[in-house]
Amino acid sequence: MKTKINISIVNDSKKWSKRLKKVRKIVDSILKYPLHFIDRKYSVYQLTILLSDNKGIKKLNKKYRDINKSTDVLTFSNSYKISKNENINICDIILSADYIKIQCLKNNINFYDHTSHLIVHGLLHNNGHDHKSLKKAKVMKNLEILILKKMNIENPYQNIWPLTKKKIN
């Protein structure tokens, strides 16, 4: 069974307006490596990228995670059985332009490279990866590095966000 991927990019902030075409190219580039993101048990993937800002992502973070602060990326996923042979996976990835820009300035990294990293991160979450333990974080981090390398993007962990022995949330 061939898996169909439907992609929607929704702009909820004027801070993304000039970046829409580039984000679409990023998503298309990432999805050239579907083995990392696609589970063949699903016949359809509905991927929505919501481009937001700190105000919008903070509202969603509070409503769905009871965390009253902004963040760089949120990922929500769900799946449904449509029929005997059809399952659908729904993935929503929300990005904050404000938060991403601050991280880029603070860490001297390219906005689009970091956006690519966050979308990869969200897609890996959708495929069951997490970073709740050091072991799981290392697996997820190594997949991110591998995928980004294929896209000619440097290892985002080489100078920042080193993994420690403490639990990662």
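**Sheet, helices and cysteines**

Tutor: L51 stands opposite L95 in β4. The model is predicted, with local features needing pLDDT of at least 70 and side-chain atom pairs pLDDT 80 or more, while totals for chains, interfaces and linings use all residues. Residues are numbered from 1 along each chain as its sequence is written, and side-chain values use heavy atoms, without hydrogens and water.

Student: How do you know that β2 and β4 pair?

Tutor: Strands are DSSP runs of E with at least two residues, helices runs of H or I with at least four, both numbered from the N terminus. Two strands pair if DSSP finds at least two bridges between them. β2 and β4 have 9 bridges, in the parallel sense, so they pair by this definition.

Student: What is the order of the strands in the sheet?

Tutor: The order is β1-β2-β4-β3, in an open sheet of 4 strands with mixed pairing.

Student: Why do β1 and β3 stand at the edges?

Tutor: Each has a single partner strand, so one side of β1 (4-11) and one side of β3 (73-83) lack a neighbour in the sheet.

Student: Why is C91 called buried?

Tutor: Buried means under 20% relative accessible area, exposed over 50%, and partly exposed in between (1.4 Å probe, protein chains only). C91 has 2% relative accessibility, so it counts as buried. C104, at 6%, therefore counts as buried too.

Student: Which residues of helix α3 are buried?

Tutor: In α3 (residues 97-107), they are A97, D98, I100, Q103 and C104.

Student: How many disulfides does the rule give?

Tutor: A disulfide is a pair of cysteine sulfur atoms within 2.5 Å; the count by this rule is 0.
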